[in-house]
Structure formats: structure tokens, C-alpha cells
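Trainee: Please put the structure up so that we can go through it together.

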Amino acid sequence: MLFKQLLAPVALSLVFGAANAQTQTPTDASGTAATPAATPAVTGNLTLVSDYRFRGIAQSWGQPAVQGGFDYTHASGFYLGNWNSNVSSNSYNNGASLEMDLYGGYRFEPVKDLTVDVGVLNYVYPGARLNSAPASPTGEKYDNTELYVGLTRGPFNAKLSYAVTDYFGLNSSTSGYAYWSALPARGDSKGTTYLDLNYNADMGNQLTLGLHVGYTSVRNYGELSYADYKLSLAKEVGGFNLGLAVVGSNADATFYQTGNSAGLDPQKLGKTTAVLSIGKTF
């Protein structure tokens, strides 16, 4: 039985700079929440990563991914954005092998040197539908919507995300086939949370050290809850953001793996790996 997983960055993505909206909500080059711009601004980003990881879980089946998007930030602190990446059809069946993230929110400073960021993020997988068996598509989508609130003070950033929809398609109807191993039907997964903690240290000479730990708590399906981590270095060279990260998790491989279109050659999606990235912000 194929895995139909709950993923996809940041969110956060995964590596550095533009690759993280988790990889996916509006961030600056260090991966922390950006402060409001003094004037309205539109910025874009384009990144190539060796493996797209979202909350520690592989999205591109260990293959490279091209990622990019744009952000509009108003002087008031309101912002809108879009971020996109190719994903594996082995994890997101029957679609365009594409993740599109649409988000918007508001950043403000209630006190000096403390930034609050509140918003909504919608993960969309055009055309993708879960399979109940190999080559047996259902009408169930992977699309997911989360509300989030983040706090940034100096090099520290914390964010809590809360799913207001079934978490990437997981509910009583899909629990038997949404993951590599079947789960009992226990209702919906709305209310699933993700806690994201980050520390980004300026090492000088345009080198940034990043430390991340996160925890996914899947409502009604505790077997799927897990912690993830990332240790990363990023450096700006000639206007490009170069990144190297070690990414992993303790996700249970009983559930967090997927095979090819025939259900063969399963790969563990949460295993520790190194991720390389090169990106440009413009």
C-alpha cells in the first residue's frame, strides 16, 4: 500500500534563504521571520536543493527540487506571498507533482526588539488525490490549511502552526491507506500542531549557523507524531545563498515511507540526510 503523506516548507522548508517558506512562510535569509519593511516591497526567490525536506520528511523522494516564489510586504506590516516546489508523485499521487503555498499575514512589534507574526498558510497540490491502492485514485485531496503565530527576538524564533483542515488529507476515510501502514479510523486530524524553534547565529563574514528543532503532534493519530531537527550553515557568495544542512527526524518508518508507482522500492522518508542548496533573492 502506498504512502500518502502529510507533508510538505516554510513553511519551512528546509534549507536556507529562499528555500524556506518552513521553507514556506515569509522569512529572511537566515530563516527567521522578517521584520516589516519601511516601504512596500516585492521580492522574489529561486532555489535549487538536493532534497526537499519539510518538517524533516522527504518531499521529493531524495531527488533535487527547484523552488521559488515571491513576497509582497506593505509598510504597515501586512504581507502576501506564494512559494512553489516540485514534489514526488510517489508521495502525492495523480497530480502535477507540484506544491503551491499561498500565505498572508501581519507582522508587528508590540515591544521593542520583539516581532510577532500571525497568518494563514494554504498548501495546495494541483490535481493530486490519494490512492486507496496502487493506481486506484480516490477523491481525497492532500491540500492543507494552517494558522500560525510566530515570535522573533534577536537570533531566536519560535512558531506554532495549527491545522484547520484535515492534516494533508488524513481522516477516518483515508486512515487505512494514507500512510505506508494502515491506521485505525479515529476521526479527523484537524487541530494537528507543529512547534518550530530556531536559533540563527551570525558567525561573521556572511556566514550563518542555524539550529532547528520541531515537533509535529498529529491529532487522533499519535503514532504519526514525531520530532525533527536541522543543523545548517549558510553563506552569501557573489549574491547567491549557499547552504549545507543536516536534516533528520525520529518519525516512525512503519508509517513514514513510500514506494514507487507499483508500491515497490520503499524509501524511509524521515532518515537523516545532508541537503545542499543554492539560492538567489531578487
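Mentor: What follows is a set of questions and answers on strands, surface and rings.

Mentor: This is a predicted model, in which local features need pLDDT of at least 70, side-chain atom pairs count only at pLDDT 80 or more, and totals for chains, interfaces and linings use all residues. Residues are numbered from 1 along each chain as its sequence is written, and side-chain values use heavy atoms, with hydrogens and water left out.

Trainee: How many strands form the closed barrel?

Mentor: Strands are DSSP runs of E with at least two residues, numbered from the N terminus, and two of them pair if DSSP finds at least two bridges between them. The barrel order is β1-β4-β5-β6-β7-β10-β11-β12-β13-β14-β15-β18 with antiparallel pairing. The number of strands in this closed barrel is twelve.

Trainee: Which residue in β18 stands opposite T47?

Mentor: β1 and β18 run antiparallel and are joined by five bridges. β15 and β18 also run antiparallel, with seven bridges, and there N241 has G279 as its bridge partner in β18. The residue opposite T47 is likewise G279.

Trainee: In β5, which residue is the bridge partner of T73?

Mentor: β4 covers residues 65–73 and β5 covers residues 78–86. Their pairing is antiparallel, over seven bridges. The partner of T73 is Y79.

Trainee: Is F282 buried or exposed?

Mentor: F282 lies in the segment after β18 (273–281). Buried means under 20% relative accessible area, exposed over 50%, and partly exposed in between. At 58%, F282 is exposed.

Trainee: What kind of aromatic pair do Y167 and F168 make?

Mentor: Rings of Phe, Tyr and Trp (its six-membered ring) pair if their centres lie within 6.5 Å, and planes under 30 degrees apart count as stacked, over 60 as edge-to-face and the rest as tilted. Y167 is buried at 1%, and F168 is buried at 1%. Their ring centres are 4.8 Å apart with planes at 80 degrees, so the pair is edge-to-face.

Key
Helix = DSSP H or I, 4+ residues; strand = E, 2+ residues; numbered from the N terminus. Buried < 20%, exposed > 50% of the residue type's maximum accessible area, 1.4 Å probe, protein only.
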